[in-house]
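Reader: I'm new to this one. Can you walk me through it?
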Amino acid sequence: MTRDLRVLAAAGSLLLALSAANAAFAQKHGGILRLGHFDSPASMSMLEESTQAVNRPMSGVFNNLVMFDQHVPQNSLRSIVPDLATGWAWNEEGTELTFPLRHGVKWHDGKPFTAADIKCTIDLLMGKAKDKLRINPRQSWYVNVAEVTTNGDYEATFHLKRPQPSFLALLATGWSPIYPCHISPRDMRSHPIGTGPFKFVEFQPNEHITVTRNPDYWKKDRPYLDGIEYTIIKDVSTRLLSFLSGKDDVYFGVTIPQLKDVKSQAPDAICDVVPTNVARNLIVNRDKPPFDNAGLRRAMSLSLDRKAFIEILTEGQGDIGGIMMPPPSGLWGMPPELLTTLPGYDPDVEKSRTEARNLMEKLGYGPDKRLAVTVSTRNLAPYRDPAVILIDQLKHIYIDGVLDPVDTTQWYPRLMRKDYTVGVNITETAVDDPDPAFYENYVCGAMRNYTGYCNAEVDKMVDAQSAESDVEKRKHMVWAIEKKIAEDDARPILFYNRAAVCWHPRVKGLTLMVNSIYNGNRFEDLWLDN
């Protein structure tokens, strides 16, 4: 079934109240949740990695200061709730954010959690700590933080350089866990220590990831599960068979074509098709000739048939959008009438490709002089499949591509080194807000600005929208930034995927997020009705 957001928005409060009342009589402790996991990450370090391959299994190992309510499908500032903090307060100027902290919380090794751990974590992310992260993909999130101060063991204050109304949302994402001061970043890669409902047990690369119930969790009746076992199964067909056989309880990332198999072979399974805020995009290394030519990059943007990607890969169940997730699931997406004015978004694809061929011919290319290029992507089906379609579409403008599949452990390091020419990547936005989208991927010098795009004018526009508290005014500022970035052909968005999650009826308490894949993986409220 496909979730209707308008119905959810209208009935959400009532449904949550009813479900909470009913669940109180039904929840059971015990059992191991088993999942087929799509990939093997490079490490277990949440602060250093950029993939759901580590976020999903490690989210339950940690707590944040604040988090998105795990039972509200659409993440927003209104759905943020306390976690390690008991609340929060802004000063009148909007430049100081203070968190009173919970007492009696312990790290998994028994040491007490204090405000010092908040400061240590943010100093680590800002690059100010003595120890350094090997990779720091979200350092740009914290450019507006001047410092974090503590007041005793149970209060921490963030001091901002200027107002940033959505800063709280950054702290609520699944990518904002609090790390312990007393464990080095090196050790957190192999054996992470958190305060969360589950303790890390083991990671065997390409085999499994295992976590177990934390008996000392500060929420005394959580988690319900005894543990979770993630069996790493990279092949989507094999992962489907594992679910259909009953070996796995939940299958995240069911493709739209696979839904037919689930419905016919496991008719009792519950499936939900949801937007994911996961955009496939074209990345071009603008420092590598001949792709340092703006005309060539524009021709590539004009070659794209976004509707074809959606029809081929998702049987029409996808969305065309810009940097921000399209509405209604996305809160900040550009309206369709503006979107179609951007370069390459004209519904008349052949008209755009004619313009693209003219640009290529001015550069000396044509039917008898074609441009050969290697198209790199992560060696997983959700990456490879759109890359194959891209290669086919580029042929229309005299570009012949060859696929270069790259293992996950090397993919992100290669992107950060800009060790590629042309590629297809997936931008999995941590939270549906312009700040992480722009600061992480488009401002000058950001680690995940994989194309090397840099426009000082855009950076100023990004800072201005970040400081704006009026939501409607900020939306128009965001759309102006999107227009400029699209005109610069910085990182053309191919399409937004929709995917399904299927689970057997014995799994209870699972809520799927509709505008981020990263913020609903705590799993402390899941239980098994065996």
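Predicted model: local features only at pLDDT ≥ 70, side-chain atom pairs only at ≥ 80, totals over all residues.

Reader: OK. How many helices and strands are there in the chain?
Author: The chain has 16 helices and 19 strands. Its radius of gyration is 23 Å, close to the 24 Å that the globule rule gives for 530 residues, so the chain is as compact as a globular protein of that length.

Reader: What box do the C-alpha atoms fill?
Author: Roughly 70 × 55 × 45 Å, taken along the principal axes.

Reader: And what share of the residues is buried?
Author: Buried residues make up 59% of the 530. The chain exposes about 20,800 Å². Carbon and sulfur atoms supply 52% of that area.

Reader: What about contacts between residues at least 6 apart in sequence?
Author: Of those, 72% join residues at least 24 apart.

Reader: Switching to charges. How many side chains are positive and how many negative?
Author: There are 60 positive and 66 negative ones. The centres of the two sets lie 2 Å apart.

Reader: How many salt bridges does the structure hold?
Author: It holds 32. One of them pairs arginine 522 with aspartate 83, with the closest N and O atoms 2.8 Å apart. Arginine 522 sits in the loop between β18 and β19, and aspartate 83 in the loop between β3 and β4, so this pair ties together parts that are 439 residues apart in sequence.

Reader: Is that pair buried or exposed?
Author: Buried. Arginine 522 has a relative accessible area of 6%. Aspartate 83 is at 0%.

Reader: Which residue does arginine 498 bridge to?
Author: Aspartate 319, with the closest N and O atoms 2.9 Å apart. Arginine 498 is in strand β17 and aspartate 319 in strand β13, so the bridge ties together parts that are 179 residues apart in sequence. Arginine 498 is buried, at 18%.

Reader: Which residues do shared partners join into a network?
Author: Asp39, Lys234, Arg378 and Asp407. Salt bridges link them into one network.

Reader: Where do aspartate 123 and lysine 119 sit?
Author: Both are in helix α3, residues 115-126. They are four residues apart, which is about one helical turn. Aspartate 123 is buried at 12%, while lysine 119 is partly exposed at 28%.

Reader: What's the nearest opposite charge to arginine 56?
Author: Glutamate 428, and it is 9.7 Å away. Arginine 56 is buried yet has no salt bridge. A salt bridge needs the nitrogen and the carboxyl oxygen within 4 Å. Arginine 56 lies in helix α2, residues 52-58.

Reader: So what is arginine 56 in contact with?
Author: Leaving aside neighbours within four places in sequence, arginine 56 is in contact with His37, Phe38, Tyr230, Phe252, Asn521 and Phe523.

Reader: New topic: helix α9. Which of its residues are buried?
Author: Arg306, Ala308, Phe309, Ile310 and Thr314.

Reader: What do they pack against?
Author: Against β13, α12 and β17. Just after α9, glutamate 315 takes a positive phi of about 50°.

Reader: What is phi for tyrosine 398?
Author: Near 70°, again positive. Tyrosine 398 lies in the loop between α12 and β15. It is buried, at 8%.

Reader: Last one. Where are there cis peptide bonds?
Author: One runs from arginine 222 to proline 223, with omega near -10°. Proline 223 lies in the loop between β9 and β10. Another joins proline 327 and proline 328, with omega about 10°. Proline 328 is in the loop between β13 and α10. Most peptide bonds are trans.

How values were computed: Residues numbered from 1 in each chain as written. Heavy atoms only, no water. Helix = DSSP H or I, 4+ residues; strand = E, 2+ residues; numbered from the N terminus. Rg over C-alpha atoms; globule rule 2.2 N^0.38 Å. Buried < 20%, exposed > 50% of the residue type's maximum accessible area, 1.4 Å probe, protein only. Contact = heavy atoms within 4.5 Å. Areas by Shrake-Rupley, 256 points an atom, 1.4 Å probe, with all protein chains shown as cover. Lys, Arg positive; Asp, Glu negative; His and termini not counted. Charge placed at Lys NZ, Arg CZ, Asp CG, Glu CD. Salt bridge = Lys/Arg side-chain N within 4 Å of Asp/Glu carboxyl O.
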